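Student: I have a model open and would like to go through it with you. Could you walk me through the sheets, the domains and the contacts?

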Amino acid sequence: MSAPLTSLDRPNSYIGRSVPRPNAKRLLAGRGRYVSDLKLPRMLYAAFLRSPHAHAKIVAINSERVRAVEGVHLVATGADLAKICTPWTGTLDHFKGMTSAPQWPLPLDRVVWAGQAVVAVVAESRAIAEDALELIEVDYADLPAVVDIDSARQAGAALVNPDSANNTCFRSQLDSGAVDEAFAHAAHVVEEEFCFGRHTAVTLEPRAIVADYDPSAGMLTVHHGTQTPYQFQDLYSRHYNIPEARVRVITTDIGGSFGMKLHVYHEDMAVVGLSILLGRPVKYVADRMESFVSDIHARDHRVRARMALDAKGGILAMDVEDLTAIGAFSTYPRTSVVEGNQVIRLIGAPYRFKNYRATLEVIFQNKVQTSQYRAVGHPIACAVTERLVDMAAAKLGLDPFAIRAQNVIADDAYPQTSPTGYRFEALSHQACLKRLHEMMDYPTLRAEQADLRKRGIHRGIGIATFVEITNPSPAFYGVGGARISSQDGAILSLTPSGEVRCMISVTEQGQGTEAIISQIVADQLGIAQEHVKVVTGDTEVTPHGGATWACRGAGIGGETALQATRALKRNILEIAALILQEQPAALDIVDGEVVDAATRKPRLPIAEIARIAYFRSDTLPPGTQAQLTVSHHFAPQGYPFAFTNGIQGCALEVDVETGLIKLLKHFIVEDCGRVINPMLVDEQLRGGIVQGLGAALFEECRYSETGQLVNGSLADYLVPMSVEMPDIVIAHVETPTADTVLGAKGVGEAGTAAASACVLNAVNDALAPFGATINSIPITPAKVLKALKRF
Amino acid sequence: MSGFDQTLLDEADETVRVRLIVNGRKVTCEVAPRDTLVDCLRDKLELTGTHAGCEMGACGACLVQIDGRAVHSCLVFAVQADGATIDTIEGLSESGVIADLQAEFHRRNALQCGFCTPGMLVNAQELLSRVTQPNREEIRDALSGNYCRCTGYETIVDAIDAVAKARSKGGGAA
């Protein structure tokens, strides 16, 4: 007996199908083309002398000895580059009252974190450039460094920016409903202070850039390992005063990004300037030590939060205070306050309560900048909310599943607006909770836990619901004045041999953008996927668009491809109808053939239409102009964001003698709307979860009292490796967005959003018999032992 | 100018001729004594499939086979490799010796950005040459020197597991 036919059984149905990525074979054969591999004729190499001080005045720079060195072509300081590059400021208009000091490629008179690039040397090899750095003498006069978040806020504190009154970058407040009244009448209140350490992206390929300015053409070409080529085209054009059409940014393969590579870095801006000064290609690849001190860091929040509940465990209100320290500048052009903003707006998001108050304070300090990294703000909002819910459950004697089932917004109650102003189109918390409960075999896990406890084995079970922000509209950056597009564009051609080429503005970082775009195009046009070639990542070729960030590639880029393909199909069928003397509506395309729409009888290969249109247009009726290339743009409308949701669960074991935590198994039920390629969606979830698990247990950028990063190498900074990571069980609920035809939302950050919260809850569950609690991430063995009063 | 500077630069200028068999072909390279093998492979021989991720032997992106064994090419000076037989991802791909691993990685999408992948494949091949039927724990343990930020490792473990089973079924192919 054959299985019933599904939509996947019709020819060329690729949406919803797990197919391997066509472009992955190159990478498997070692034929990736990363910017760090690139070598251009007459290319020179840049290296940077970095500040050893967290805060100091630059008294003098003596580079006389370097200029005579054979092989050195240029030594440049902040003053040299400031002559050709205008400064930038990392603020956005919709963050009212936000401040940040102007930034130049290299500092003019003061260094503000240890590791900041101060002087650039360009030479014929990286080794010569690094040798030359040793001959440069910089006289610094130490200034008091602002390292600790509390001392930064004290009256009379040392100032990161001497011209400002204090170290505050931004403050924000939300107040909705009657919070004080709700707390006054609450049957139960739970309260905690949480700490979230700094961590960083640690992409395996460090940041890499080759800038190639050709003075004869007035043309700047930048090969840049980034997610957002159009954003950088715009920035290089404006800050170096080169017409936009004469700036080309190319992003080829990129060895990981995760949000880290879409910010402006001082070295990258400097490299563009160095190439302009020299009229030659200049390459810079950060080494691992440089990455740790110059890539953006993330998190670094301290959150005090309380939750009011009624006698039965219904959540009544939350009151939250988030303090975050962001480094010496707000990052450009997306700022460093988006994370805090998302923390206070996402807290409590899965739950049905109306009284909410939050304050956010963003503080400057003498450390490298923090900014957007995978799941911006989500892990913090999720951990704070979910830990408080568990604390409330314990207080009321409720099971963690029961208290959540009681409080989540019902699946049939949408649309809803959160007390923080987020508008939810349709979420599926109840379905996800139910599915997770089954998938974990929760009663068995609990029974096993109780059993093992008797034998001195301390297992913990944790769950965490989450809401994720995806498919951002202009409400995200556009309204704040940033030239960061929320729309995407595609140019789609039927080639002379009847294949399709799709040039699209969303970019590939290995998540499978090119694969899913080719699936959508093949599916919507009616051809085999291998006949679709997707081109991404070149501002001279692909139309302007937002590219890839904030989980927008599938939802917005995918819809762009879908609509463009439908337009191309209409055009193809118009020509087919002329040739076949039919009405276009009576025709369809299946497997590269024009067919009768009703009978599916093949009439004409689309390759034949292409041949006629390109080479024998004389045989078409007079006046016919075949349009076998279409360009199409799509900007999200309707809801400002497509929120997704899900729930994660984990089981782990705490060794109470050593404080070590062993992750046993991890679970996720996730709802990203329409799933285009289940295998790739699962990969996003797994990879995201493991980044969240790294944050939960291992990853922290540790600083000394003088502001020195003390663990800035891959031997000292712990990242999750295969042996510590558990297998991950995945299930999906599909609630497509009605804002697009495709119905896809984002999925790249869902794993990271709740993994650390889940572990936090599970560790606390394991420690519950000891009356020990942990509310700080990462959960190191030392913290576990301290909580157990054994250290 | 001080004499020290001149010495420093003179030393940097000195090169040594090393002879290697790389991917089955005899090559000679002029390298500085301080050049690492990974730099020699990538810069001099343009074998850019071998990657430098940490330059301290922690991440595994630079693994190549030296005389048939997986070695961190960032921890070996090029001059130390004089006379050695070296196989990189390019050679291992062309010879077909890891074709089953590559196909299984592809089928299961056991890679995203691909930067760790050549090192992963070299290490997987090393594991399977020593242990014919490793269990999942042994695979996870063997991969513990290969950092992957994208995948979460599970599909990599799945792919190696599947190839191990297929190879032992086929009488230890490749």
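Predicted model: local features only at pLDDT ≥ 70, side-chain atom pairs only at ≥ 80, totals over all residues.

Student: OK, how is chain A divided into domains?

Tutor: The assignment gives domain 1 (7-31 + 487-634), domain 2 (35-143 + 202-294) and domain 3 (297-474 + 638-787) of chain A, with bounds that come from an automatic or database domain assignment.

Student: And what separates the centres of domain 1 and domain 2 of chain A?

Tutor: Taken over C-alpha atoms, the centres of domain 1 and domain 2 of chain A are separated by 39 Å. Their contact takes twelve residues from domain 1 of chain A and 15 residues from domain 2 of chain A, where two residues are in contact if their C-beta atoms, placed from the backbone, lie within 7 Å. On the domain 1 side there are two nonpolar, eight polar and two charged residues; Ala, Val, Leu, Ile, Met, Phe, Trp, Tyr, Cys and Pro count as nonpolar, Asp, Glu, Lys and Arg as charged, and the others, Gly among them, as polar.

Student: Switching to sheets: what is the order of the seven strands in chain A?

Tutor: The order is β3-β5-β1-β12-β9-β10-β11 of chain A, in an open sheet with mixed pairing; strands (E, at least two residues) and helices (H or I, at least four) are DSSP runs numbered from the N terminus, and two strands pair if DSSP finds at least two bridges between them. At the edges are β3 (72-76) and β11 (247-250) of chain A, each of which pairs on one side only. From one strand to the next the twist averages 20°, with axes being lines fitted to C-alpha atoms, for helices over the stretch in contact, and angles running from 0 to 180 degrees between N-to-C directions.

Student: Which way do β3(A) and β5(A) run?

Tutor: They run antiparallel, with four bridges joining β3(A) to β5 (residues 117-123) of chain A, and Leu74(A) stands opposite Val122(A) in β5(A). Helix α4 (residues 126-133) of chain A packs on this sheet, where it touches β1 (44-50), β3 and β5 of chain A, and its direction makes about 30° with that of β1(A).

Student: What about α7(A), is it mostly covered or mostly exposed?

Tutor: Mostly covered, since nine of the eleven residues of α7(A) are buried, among them Pro229(A), Phe232(A) and His239(A); a residue is buried if 20 or more other C-beta atoms lie within 10 Å of its own, exposed if 12 or fewer, and partly exposed in between, with C-beta atoms placed from the backbone. The cover includes β10, β11 and α8 (266-278) of chain A. Helix α7 (residues 229-239) of chain A lies across β10 (219-224) and β11 of chain A, at about 150° to β11(A).

Student: Which residues touch the most other members of the largest nonpolar core?

Tutor: Ala46(A), Val121(A), Val122(A), Cys502(A) and Val759(A) do, out of 309 residues; such a core is a set of buried Ala, Val, Leu, Ile, Met, Phe, Trp, Tyr and Cys residues joined through C-beta atoms within 7 Å. Helix α19 (residues 750-767) of chain A gives the largest share of this core, eleven residues. Leaving aside neighbours within four places in sequence, Val121(A) is in contact with residues including Ala47(A), Val66(A) and Leu133(A).

Student: And what does α19(A) lie across?

Tutor: α19(A) lies across β18, β26 (642-654) and β27 of chain A, running at about 155° to β18(A). Those strands belong to an open sheet of four with mixed pairing, in the order β18-β26-β27-β28 of chain A. Within this sheet, β27 (residues 661-671) and β28 of chain A pair in the parallel sense over six bridges, and His666(A) has Ile728(A) as its bridge partner in β28(A).

Student: Last topic: how many residues does the contact take from chain A and from chain B?

Tutor: The contact takes 50 residues from chain A and 45 residues from chain B. On the chain A side, α18(A) supplies the largest share, seven residues, and the classes are 25 nonpolar, eleven polar and 14 charged.

Notes:
Residues numbered from 1 in each chain as written. Chains lettered and ligands numbered in written order.
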